Amino acid sequence: MRITADFHSHTKYSHGTGTVEDNVVAAMSLGLRALAITDHAERHPLIGVKPSRFDAMRQDVTAVAKEYRFKALLGIEANILSPLGEIDLLPEDASKLDVVLAGFHLTAYPLRFKDYFKLPFNGVTRCVCRNTAKQRALNTEAFVRAVTEHEIDVLTHPGFRLDVELKPIGEACAATGTFVEISSRHETPDIEGTELLASTGAKLIVNSDAHKPASVGKCEYALDVVQKIGLGDDVVVNISDKPVTFRRGFTV
Ligand SMILES: [Zn+2]
Ligand SMILES: [Zn+2]
C-alpha cells in the first residue's frame, strides 16, 4: 500500500525548511500525483501566514506546478481556537485556496483571552485545563463545531495534544464530508481510534505533515494503521489513483 498524493506539507512560508519547489521535487521523486502546500495560519505565533500573502504564495505554487507539470495545490492549516469551533480563516480568504485544513495546535493564540482557559493553548493553561470529562467534552465540541460551522476539507491530527472523543468528531466529519487525517508525523489517531473513525462513515486521508522535503510523502505510520485495520480506498481517499473531491469542491 502507498499514498498517491500528500495533502499536508509545510514550507518556509511557515516553519518548514523547504521551498514549494523543494517539496514538489520530493513528491515527484516518490511518484506522487499531487501535493498540497498547507502552511500554518496566522494565529500560529511568529510563523503563521497572513492572508495578505496568499496571492504571492499562489503565484509561487502556480509557477512551480507549471514548470514541473505537476499538480501542486495551495492550502492552509488553520487553527481551531475555541470550544465554539472558531478558526483563523475568513471565508473570503479561504476562497483563494484549493484546500482548507484545520487542527488544534497547542501554541496558537485564541481570539479572546478567556479562551486560554477553555482549551489548553500553552503550558500554563494546560495545568488549568485538566483531563476531566468536562474538559474532554469541551475539546470534542471544539472539533465538532469547527467542521460543522466552517468549510473545512480536512481535520488534521485529531487527538494530538488534546484529549477528545473521536466518535462524535467522526460523525460530524461524515455528516459534513470533511476528511479526517491519520497523521504520520504525530502518529495519531492510533489503530483503535482510526477504526472508530472509520466506523462512523467518515472518509480518512493519510498525510505526512512534512516540515522538510525529505518527509514529503512519508506516511509509514498511517499506512501501517490503515493496513492493519484492512481499510481500502473506499474509506481512505488517497491510497489509489481515484480522483479526490474535497468538501469545498476542489477535485484532483
Ligand atoms: Zn498541525
Ligand atoms: Zn501541519
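# Briefing on a predicted protein model

The buried residues of helix α8 pack against β6 (179-183), α7 (191-199) and β7 (204-207). This is a predicted model, in which local features need pLDDT of at least 70 and side-chain atom pairs count only at pLDDT 80 or more, while totals for chains, interfaces and linings use all residues. Residues are numbered from 1 along each chain as its sequence is written, and chains are lettered from A and ligands numbered from 1 in the order in which they are written. A residue is termed buried if 20 or more other C-beta atoms, placed from the backbone, lie within 10 Å of its own, exposed if there are 12 or fewer, and partly exposed in between. Two residues are in contact if their C-beta atoms, placed from the backbone, lie within 7 Å.

**Overall form**

- The protein has eight helices and seven strands; helices (H or I, at least four residues) and strands (E, at least two) are DSSP runs, numbered from the N terminus.
- The radius of gyration, taken over C-alpha atoms, is 17 Å, close to the 18 Å that the globule rule gives for 252 residues, so the protein is as compact as a globular protein of that length. The globule rule is 2.2 Å times the number of residues to the power 0.38.
- The C-alpha trace spans about 50 × 40 × 30 Å along its principal axes.
- Of the 252 residues, 50% count as buried.
- Among contacts between residues at least 6 apart in sequence, 73% join residues at least 24 apart.

**Helix α8**

- In α8 (residues 220-229), the buried residues are Ala222, Val225 and Val226. They fall within an arc of 95 degrees when seen down the helix axis, so they line one face of α8. The arc is that of the directions from the helix axis to the C-beta atoms.
- An α-helix has 3.6 residues a turn, so residues three or four places apart point the same way.
- Glu220, Gln227 and Lys228 are exposed on the other side of α8.
- Glycine 230, with a positive phi near 85 degrees, follows α8.

- Gly193, Thr194, Leu197 and Ala198 are the buried residues of α7. Their arc, seen down the axis of α7, is within 135 degrees, so these residues too line one face of their helix.
- On the other side of α7, Ile191 and Glu192 are exposed.
- The cover over the buried residues of α7 includes α6 (166-176), β6, β7 and α8.
- After α7 comes glycine 201, whose phi is positive, near 95 degrees.

**The pair α1 and α2**

- Helix α1 (residues 20-29) packs with helix α2 (residues 54-68) at an angle of about 35 degrees, their axes being 10 Å apart. Axes are lines fitted to C-alpha atoms, for helices over the stretch in contact, and angles run from 0 to 180 degrees between N-to-C directions.
- From α1, Val20, Glu21, Val24 and Met28 meet Asp60, Val61, Val64 and Tyr68 of α2.
- By class, six nonpolar, no polar and two charged residues make up this contact. Ala, Val, Leu, Ile, Met, Phe, Trp, Tyr, Cys and Pro count as nonpolar, Asp, Glu, Lys and Arg as charged, and the others, Gly among them, as polar.

- Histidine 157, although not a glycine, has a positive phi of about 25 degrees. Histidine 157 is placed in the loop between β5 (154-155) and α6, and is buried, with 25 other C-beta atoms within 10 Å.
- Aspartate 209, also a residue other than glycine, has a positive phi near 55 degrees. Aspartate 209 lies in the loop between β7 and α8, and is buried, with 26 other C-beta atoms within 10 Å.

- Leucine 81 is in the loop between β3 (71-79) and α3 (91-94) and counts as buried, having 26 C-beta neighbours inside 10 Å. From leucine 81 to phenylalanine 143 there are 62 residues in sequence and 9.7 Å in space, C-alpha to C-alpha.
- Valine 252 belongs to the segment after α8 and is partly exposed, with 18 other C-beta atoms within 10 Å. Valine 252 and leucine 73 lie 179 residues apart in sequence and 9.0 Å apart in space, C-alpha to C-alpha.
- Not counting residues up to four places away in sequence, valine 252 touches Ala5, Ala34, Lys71, Leu73, Pro243 and Val244.
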